[in-house]
Amino acid sequence: MLKQDATVKMGRRLSRNKPEYLPVQNRKPAFGRKVNSNSAFDHSQVIVLRCVYILLKAIVEVGLKHIRKYIITLLIALVACTGLQAQFDTTLVLPEMQVLELRVNAIGTEKILFDKGQLEERSFFSLADFLNQESNIYVKSYGGNSLSSVSIQGASAAQTLILWNGLPIQSPTLGQLDLALIPNNFSEEVDIQLGGNSSSWGSGAIGGSINLKNEVDYNQNLELSYGASLGSYSNLIQQGKIQLGNAKFQSVSRVNYQRGTNDFIISPDPTVSDYRQSNAAFAQAGILQSFHYRPNANHDIAVFTWIQQSAKEIPSTITQKNSEAFQEDAFYRLMAEWKYTKNKHQLKTSFGHFREKQNYEDPLIDLSALNKFQSLLAEFDYRLSIHPRHQLQLSSTTVLNTSDNEAYGKKQTQNRSALLAAYSYQFKRLALQFSIREECTSNGFLLPVPYMGWQQGIGQNFTFKLKVSREFRLPTLNDLYWAPGGNKDLMPESGWSQELGLSYSQESDGHQWSVAHSFFNRNIRNWIMWAPGNQAFWEAQNINKVWSLGTMSKVGYSYTRAKFSVATDLNFNYTRSIFQEALRFPRIAVGDQLLYTPVFQGMANFRLNIVGFELRYQHQIVGQTQGANDEIPRFHVGNVHFSHPFDQGNLAGKIFLTINNIFNQNYVIVERRPMPGTNVLFGMHINFKNKKL
Amino acid sequence: MRTKLLLAASFFFNLVCSQTTATFENFNLAADSALNGSDLSGGYSDGNLFFPNTYDVQFGSWAGFSVSTKTDVTTPGFTNDLSCIAGEGALNSNSYAVGYFPFPLYEQVIDITGNADGGAMEGMYVNNSTYGFLSMRDGDAFAKKFGGVSGSDPDFFKLKIQKYLNGSLGSEMVEFYLADFRFSDSSLDYIVDEWTYVDLTSLGNADSLLLSFESSDTGQFGINTPTYVCLDELTTKDGPATSIRSLEEVIHVGVYPNPVVASLSIRNQDDLRGEVLIFDIAGKQMGQYTITKQFEIDVTDWPSMIYQLVFRETDGKVYRSSFVKK
C-alpha cells in the first residue's frame, strides 16, 4: 500500500549576496586548496577510516563473536575524531519511550514508503522500473534495462541521494547511480523523501532521497523463497532468498540473476522499415548477504555484504548505424551496523566500505574507459528521548572517497565530515523539528545547513505541513579532477527550499478517501554545468542558477470488503525548473526548462482484488520534455498486471503476468533512444516459512 | 595558328604569376604519424602560410591545425582524429593538414606570410577527416547519421572560407559542402571522401583566411558533427593578384590549345624536372606524366569540364593551372 504524506513548500528567495562557504581561515574559493596532509583532523580521519576498513574485514574473517569488541573500539575512535562528546548513562532506569530516527522520520517532508509486501509483489523489477510504475517520480531511462536515473521535484539526477541503510551509495565520481542495477528483492523497504533534506543526509539530497533498507524478522526460523520469470526479449530473471536463524542470530542470503537480449522492435519512422535493436543484451548477477545478531534486547548488530556484477551492451541510437559499445559494472559493498537501545537512549553506528568499478568499452572507436572508486564511511547517531514530547539526536558522518581514475592523472580523494544536531517536539497532533548540520570538507567549513519542519493536524481529517531547509551538493570527483575540464575551484551547489502541504483523509465503513496537495519552491545557485572554457574543451563551472517550483497532487479512494477490494488513485505533478541565467554554450535562455524535466506528469492507478485474483492497471502520462537536440513529444503508457497469490500454511506464493506498454505506444524518454513496445513478463514466486526450525 | 598562340600566351601568363604551395611534405613525417602540437611549437609554417595550433599539456588535447601522414580510413571516433578519409594527402602525397576548430566559435585563422602576405589565395584541396566522414555516414553516440532516420533529413556540413585584409573581415565567402543531404533526390546526397579542389581566387587579396564550420546537426551543446577538416596543397600567389613580383620564379611552360578537344600539348621551355598531374573537378586524378621537353596528352575520351593541371618540380615547388576540355 502506497503511503504518501502531503507536504507544502512555500516561496522564499535565496539571499544571493551571502557567501556560501566559511573557510577555516582565510576566505578562498572552495576546493581551491589541496588537502593539508599535516592536518591532524584529516590524518585522524584517515586513520579511523582505515581502522573501519580493517574492522569490516575482521568482521567477516573472525566471526560474529568478536564484533562487539571491534565496534566499541571503533566507536571510541570515531567519537574522538569528530570531536563529538557523546555521553550517555546506561545505569539510569527510566520508563521505556519510543525513540525515533529523526532523519528518516523528518517532520514536514513528504514521503513515499514502499514496504516489504509491495516490493515482493514487484520483486522482479529493478528499482528504476518499480519507481516508474509505482510512483509519480520521473524516471529517465535509456530503454530496456539501460541506464536509468530519477528526477524528483525538478532536480537533476545527481541531486537525488540514494542511500543503502542510511549510507550514500551514489558514485562519488559521477554523482549518480544507475537504478536499473538495483534489484527489488534486495530491499525490504524503500523509503523516499520527496524534497530536499540536506541537513539530515548531507550532500546531494536536494530534490529528494531514496533509502533502501534491509530489515530482519528475528521471529523467523527458516524462510526459503524462489522466484523465476520469463519475458519478452529472452528476459530471464531468477531470484532466491534463504533466511536462517533464531531469536538471537539470523542469516539472510538474497540472490538475483537476470539476463536478456533487449532486442525489441524499433519503429523509428513511418518511412522506413522496422528493425530489431541490436547490441542491447545484458546480464546481471548479485548476492546480498547479511548477518544479524541480537544478544539481548539492547543490542542489534548487523553486517551486510552486497556483491554484484553486470554487463550491458550499449545499443545504437536511431541515428547511428551500429554500436559495439558495452559497459561492465562491478561493485562490492560492505557495511556493519550496531544499534544499542536502552530506555531513553538509542545509539547507532554504521561503517561502510564500498568499492565500485565501471568499464566502458567501444571497440569501434578503440576506446576503453575505466572508472573506479572506493568509499569509506562512518556514521554515528545518538538519540535521546528527553521526555515523551522532546527528542534529541546527535549524529556525525565521515566519508572518504578515493578514485584513481585514469582521467584524473593521479589518485584523488575527497573527504568530508559532518555533525548534525536535531530536536523534535511532538504533542498530540503537533510535531516540530529543528536540525542543523555543519559540514567540513578538506577546503573548510560550509555554511550551517538548517532544517525546520512543522506538521499540524487540523480537526480529525486534515494535516498541514511546512518545511524550510537549506540544501547543497558537493561537486563530484569528475567535476573536480577530470582531465580535461575538471575544476578544482568549484563551489558546491546550494540554496533554500520550501514546501507547504495540506492533506485530507477520511475512512468509514470500508471506504477510504484521501486528497493531498503540496507546493514546493527551491532556488539553487552555483549550479554545476560543463560548458566551454578558455581552452578547446568543456569545463565544469558554477555557471547558473535554477529556480524550481511546482505542485504535487494526489487523489485516492479505496473500498475493502472481506474478499473484495478496489483502490484507485490519481497523481498529477506540475514542475517548472528553469534556468535563471542565459548562456551561449550550452545554449540556454533565461526561463528555459531543464533538460529532461517534464512540466506535466500524471499517473493513474487502478487495483481490483477479488476472490484471490488481482488486477492492476496503471496509466502514465508524461508531458513534452526538451532533449539536448530535439523536443521529446509527450507520451502515455499503460501497464497491466494480473496475479494470483496463494497461501497454504507455511507455503505461499503467486503467479503473475505483467503486460507493459499494452497499447504498444512508440515513444522515447531520452532522444534517439526508443523504448520497447508491448512486452510481457510471466513468472512465479514461492515462499516457505517456518517459525520452528 | 594565331588563335593557338594567343591562348598559349594567355596560359603562359597565368603560370608566370609566382605561386607557393603548402604541401606539408617538408616536415618529413614518418608514415602513419602526426604533429599535433605536443612539441608546443604553437603552429606549423609551410609555403607562405602559418597554421596555428593550440596544445594543452595538462590534458593532451589540441585544436587548430596538425600535420599528419595517418592513413586509417576505417576507425571511427575521436581516437582517430588525425586521419583523412582518403588515406593520403592530396595529389597522392603523404602529408596533409588536419584542422579541428572546436566550440564555441568553430573557426580558425590561417595566417598568410612572407611574399604572399596581402596577396591572393589560389586555392586548396579539401577533404573530410575519417572521424568526421564516418560520423556523418554512420552516426555515433553524439552525432546523427546524416539524412536521419528516414534518410531524407536535409543535413549538411559546410566549410566556410573568408578573408581578413588589413584587419577587416571581407564580405567575400567561399562555401564548400563537406556533406550535403539537401537534395530533393536523396540519391544525390553526398559526403566528400576524395580530395577536392576549392578555388579561392574569388576572395581576392588577403593577409589571413578565416575557416569556420556550419552543420545542420546542432543542438543545445553546439555542433554535434565532429568539426574536423583536412587541407592540402594550399597555394598562394606571392604578391597581389594583379602583379608579378619575382621574375626569377617565372616558369615558361606552354599548354595549348585551351580549350582542347583531342590532344593537349605541353612545351617545357625551361627544361623543368618533375611531373605533371591532371585532376578533374571532383579531384579525381586523370593522369600523371613525367615532364619532358615537349609532350602530348590524349584527352579525346575525357568528359567535357575544367581540369586542374599541376606541375610539381622534383624540389617540391608546385605550379598550377587549368584547361577546358570541350
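**Where the chains meet**

Modeller: Across the interface of chain B and chain A, the rule finds eight residue pairs in polar contact, both at pLDDT 80 or more. A polar contact is a pair of N or O atoms within 3.5 Å; within protein, one must be able to donate a hydrogen and the other to accept it, and residues adjacent in sequence count only if both atoms are side-chain atoms. Keep in mind that this is a predicted model, where local features need pLDDT of at least 70, side-chain atom pairs count only at pLDDT 80 or more, and totals for chains, interfaces and linings use all residues. Residues are numbered from 1 along each chain as written, chains are lettered from A and ligands numbered from 1 in written order, and side-chain values use heavy atoms, leaving out hydrogens and water.

Colleague: What makes a residue count as being in contact with the other chain, and how many do?

Modeller: Contact means heavy atoms within 4.5 Å. By that rule, 33 residues of chain B are in contact with 33 residues of chain A.

Colleague: Why is A:Arg672 with B:Asp217 called a salt bridge?

Modeller: The rule asks for a side-chain nitrogen of Lys or Arg within 4 Å of a carboxyl oxygen of Asp or Glu. For A:Arg672 and B:Asp217 the closest N and O atoms are 3.5 Å apart, so the pair passes. The count between chain B and chain A is two salt bridges.

Colleague: And why do such side chains pair at all?

Modeller: Side chains of opposite charge can pair when their charged atoms come close.

**Inside chain A**

Colleague: Are A:Asp178 and A:Lys312 buried or exposed?

Modeller: Buried means under 20% relative accessible area, exposed over 50%, partly exposed in between (1.4 Å probe, protein chains only). A:Asp178 has 13%, so it is buried. A:Lys312 has 10%, so the label is buried again.

Colleague: What about A:Asp381 and A:Arg103: what makes them a salt bridge?

Modeller: Their side chains meet at 3.3 Å, N to O. A:Asp381 lies in strand E19 (residues 367–387), so the pair ties together parts that are 278 residues apart in sequence. Both A:Asp381 and A:Arg103 are buried.

Definitions and conventions. Helix = DSSP H or I, 4+ residues; strand = E, 2+ residues; numbered from the N terminus.
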